[in-house]
Amino acid sequence: MDFSSSLRIAATGLHAQTARMRVIAENLANADSAGKAPGDEPYRRRIPTFETSFDAEVGGKIVEVGKLAYDMSDFSSRYEPGHPAADAAGYVQYPNVNTLIETMDMREAQRTYEANLNVVTVTRQMLGRTLDILRG
């Protein structure tokens, strides 16, 4: 594997983790978004998916962002009879977003992003040292 291949593989990882962090940020931003009227469904948590494929040009597997999936778990309900979206019993449905899980997913995505960034940095350093050796 040459330098450009490792850079390309790391770049696909960077792209995938950027997309993952964007989805997590959207989930966190909508964690308390209830519907506007009784019976309205609140925000549903989104989950990024990834696919790996072999790239003959780079001689290795690369990761690609797949379609967004929806978390089909139940919504949470809170008793808030004065809320505009409250049903006849006074309950309001809230998104199925757990901020603790989203925060941990964000941390994992950031660390994976940093690992891919380190691959890019080390590859650039190796390329620079190689050029220095060739120059004599």
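## Salt bridges

A salt bridge is a side-chain nitrogen of Lys or Arg within 4 Å of a carboxyl oxygen of Asp or Glu. By that criterion, a search of the whole structure finds nine salt bridges. One of them joins the side chains of Arg20 and Glu108, at 3.5 Å from N to O. This pair links distant parts of the chain: Arg20 sits in helix α1 (residues 3–29), Glu108 in helix α2, 88 residues apart. Helices (H or I, at least four residues) and strands (E, at least two) are DSSP runs, numbered from the N terminus.

This is a predicted model: local features need pLDDT of at least 70, side-chain atom pairs count only at pLDDT 80 or more, and totals for chains, interfaces and linings use all residues. Residues are numbered from 1 along each chain as its sequence is written, and side-chain values use heavy atoms, with hydrogens and water left out.

## Burial at the bridges

Buried means under 20% relative accessible area, exposed over 50%, and partly exposed in between (1.4 Å probe, protein chains only). Arg20 counts as buried because its relative accessibility is 12%. Glu108 has a relative accessible area of 44%, so Glu108 is partly exposed.

Asp32 forms a salt bridge with Arg78, with the closest N and O atoms 3.4 Å apart. Here too the pair links distant parts of the chain: Asp32 is in the loop between α1 and β1 (46–47), Arg78 in strand β5, 46 residues apart. Asp32 is exposed, at 56% relative accessible area. Arg78 is partly exposed, at 33%.

## A salt-bridge network

Which side chain does Asp71 meet in a salt bridge? Its partner is Arg45, at 3.3 Å from N to O. Asp71 lies in the loop between β4 (69–70) and β5, and Arg45 in the loop between α1 and β1, so the pair ties together parts that are 26 residues apart in sequence. Both residues are buried. Salt bridges with shared partners join Arg45, Asp71, Glu102 and Asp105 into one network.

## Strands β5 and β6

Strand β5 (residues 76–79) pairs with β6 in the antiparallel sense over four bridges. Strands count as paired if DSSP finds at least two bridges between them. Tyr79 stands opposite Tyr91 in β6. Strand β6 (residues 91–94) has Val92 and Tyr94 on its covered face, Tyr91 and Gln93 on its uncovered one.

## Asn116

Asn116 lies in helix α2 (residues 99–135). Asn116 is buried because its relative accessible area is 16%. Not counting residues up to four places away in sequence, Asn116 touches Ala10, Gly13 and Leu14; contact means heavy atoms within 4.5 Å.
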